[in-house]
Amino acid sequence: MKFFTSITTVVSLLLLKDIKVYGKPTLDTNLDYSFELDDKVDLSTENALAQNQTYNSLNTSFNDVMKRDELSNGNFKSINDISYVESLSEVQNPYRGFYSRAVVYLRRNGKSEKHFIPKTNLIRVLVDISDYQKHSIDEEALTFLDKYLEQIKSNHKTIVIRFAYDPGFKGDVSKDPSSDNVRNHQKQVSRVLKKYDDIIASVECGLFGKWGEMHGSSVYSDNEKPKYLNKVINNWLEFLPESLTISVRTPKIYSDWANIDLSKISSQITKPNEKAYRVGIYNDGYLASKSDLGTYKNREQEIKWLKNQAKHTLFGGEFGGIYEGNDMGNVSPTADYMDKEAFLTHTSYLNNGHYNVTISNLKNKKYNGADKRYKGISGYNYVENHLGYRYVVRGVRLTKSAKSNGIFRMEVDIENVGYGNLVKPKSLSLLVIDNNNNRYDLSEIQSIENGNPNNWNSKEKTTVKVKAILPNGMKNGNYKMYLRIASGTKSKGLNGFPIRFANDDKNIWNESLGANYIGKFSINGTSNNNNDESEPTISNYVTIKFKGTLDPTLNYYLGVKELKNYEYFDIHDENSNYSYKYRTWHLTSETKPSLLYLSDGTYGNPGNPSSHCLDLGNHHSANGYNFLSIVNCENAKHKFMYGGYSSDSIDVYDINGKHLTDNNNNKLCVYYSMTPRIDKCNNDSGKMKWKKSIL
């Protein structure tokens, strides 16, 4: 749904010279955290080259793909090359599980200290910055933190991290500084956290009160608390990359920040383009009383809200201490109770130490819940296996006998049996290995459906459907197909924190590839590559494509769904998440500003210049910068040139070739977002950079 503001609302926001604006089509949606992989995406050969995946790729036209599709239909069969039964063993995947904690003490004058790195796959890192109550954090301390996180990364572990002003995390006193000092500290440590985005499951908001649990401040009163915490939350959202979620201690803190009635929180469903979409809860009183030691005011209603909110934010925390006199109600820290509630809250991480009575009870009591597979297994084992996401392959269908340079189709049924979802962006890749251990990457994928692992929801089964062109030059013989889910498309092996399926099959995981074995197929012959039907290029135009460069996402092309005019446009479908098919452009010069003619070629083919051109529309962002539009070329009022302000910017000019500027004389360039717009070229968000591909 699109929302528009009135004319009177936007007049005061106008920044551009001599351009009228009338409203906004959408809040600025940022692709680098909402989605990682298209549900349906064309990855032609030049795309693969753009991602430095230059294994055995082939230049094939879309028409050839459609014609050769018939070759595989008779060979598309169900296979049973792996077990489709869930393992009862723990699978150590990133961003979830039982954790151990480690404390880092950042101190002045080179006196910083740290704990050893625990053995658990997930670590809760608590950072004491109480020594900087009245000071900025010095570079020596920031470097100390950087090296500690680098050590964790090199050990292929992931973390949840929290900063606090409680000396030693003893809970005796908190040295909460002024809001200005806190903001400065958040900005400083965010420089380090951005560098280690791929190891951070979530940032617990902290920075207030004892243990950083956002209550019990020794400095500020309860009346001062909401204003203070609202600033802390907003600072994290501003300074941290949008691929990172944050969590606050209670739904009440969230509702105060979001300015909603806590009693009506269950009706709030956030959307990816809203700040609140990134804010979840950490619960350090988990199952310790009927209110989880004050975490909930109305447990039923607030858990109903978490059922949606925790699908895309990380929920977890710490079993609270159960003491005599705790009013437990019907709450019980057992696997059988969690079998009901943890699937609603999407619990992803919990402590395996501290409050050892609860942990011991879990280990000593047998699971007797609804899952017959786990009957008689210890409750601890059941909970350990189900924290966060847990993917089990339930069936595979693929092209059993294919041709080199021919069509290959595959469908994989994947069930998420875990309590929660994957909330970090991941890319899906297909790898093929022959009998001599030679590797082929299926980089030329014609379509992927349901290829975004973030949408493989808890307690649901998803079918991933792939249609691809096999690499040219594959010899006759047998091949193994692997599926890899990892950060970015360039990572290999255990780099990129790959995800392992939880099937009861010792052959499913290939550690050197960091990928899961799916099944085998054979190559019998080679398909002819007839390029006669490919769309022609035009000799008097330069044919080009533009793609975002945010890392570690797959990124999308500048393009539109249909060949027509738009007042504004999205570059991908937010429901199925694939780049739209009209994404090739023609220009008259690479060295001078030119009109950008939209091509009639589809799926990356060159095609011919159409009568539609890129221009600036009359709708604006919240900051007053205009969204791009598509108009009849005869009416276009703006030109564009790649590499003007910087080597990878798309600069905007008026029809006479004068660089467009705002009222502060900032030069303007094209800004990468779901609904593309312009912004000042010196915007340091990383979204002013584009990669061009000349066809």
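Contact here means heavy atoms within 4.5 Å, and helices (H or I, at least four residues) and strands (E, at least two) are DSSP runs, numbered from the N terminus. This is a predicted model, in which local features need pLDDT of at least 70 and side-chain atom pairs count only at pLDDT 80 or more, while totals for chains, interfaces and linings use all residues. Residues are numbered from 1 along each chain as its sequence is written, and side-chain values use heavy atoms, with hydrogens and water left out.

1. Let's start with the α7/α8 pair. On the α7 side (residues 179-195), S179, V182, R183, Q186, K187, V189, S190, L193 and K194 are in contact with Y228, K231, V232, N235, W236, E238 and F239 of α8. By type, the residues of this contact split into seven nonpolar, four polar and five charged (nonpolar: Ala, Val, Leu, Ile, Met, Phe, Trp, Tyr, Cys and Pro; charged: Asp, Glu, Lys and Arg; polar: the others, Gly among them).

2. Now the geometry of that pair. Helix α7 and helix α8 (residues 225-239) pack at about 25°, with axes 9 Å apart; axes are lines fitted to C-alpha atoms, for helices over the stretch in contact, and angles run from 0 to 180 degrees between N-to-C directions. The two helices are therefore roughly parallel to each other, a label for angles under 35 degrees.

3. Helix α13 (residues 379-386) is worth a look. Eight of its eight residues are buried, so this helix is largely enclosed by the rest of the structure; buried means under 20% relative accessible area (1.4 Å probe, protein chains only). The buried set includes Y380, Y382, E384 and H386. These buried residues of α13 pack against β2 (97-105), α11 (335-345), β10 (347-351) and α12 (356-364). Just after α13, G388 has a positive phi of about 70°.

4. On to the sheet. Five strands form an open sheet in the order β1-β11-β13-β17-β16, with antiparallel pairing (two strands pair if DSSP finds at least two bridges between them). At the edges sit β1 (76-79) and β16 (445-449), each pairing on one side only. On average, neighbouring strands of this sheet are turned by 20° against each other, direction ignored.

5. Inside that order, β11 (residues 391-399) and β13 (residues 407-416) pair in the antiparallel sense over seven bridges. G395 has D413 in β13 as its bridge partner.

6. β26 (residues 638-642) and β27 pair in the antiparallel sense over five bridges, and K639 stands opposite Y653 in β27. Strand β27 (residues 650-654) is mostly covered, with four of its five residues buried.

Key: Buried < 20%, exposed > 50% of the residue type's maximum accessible area, 1.4 Å probe, protein only. Parallel < 35°, antiparallel > 145°, perpendicular 65-115°, else oblique.
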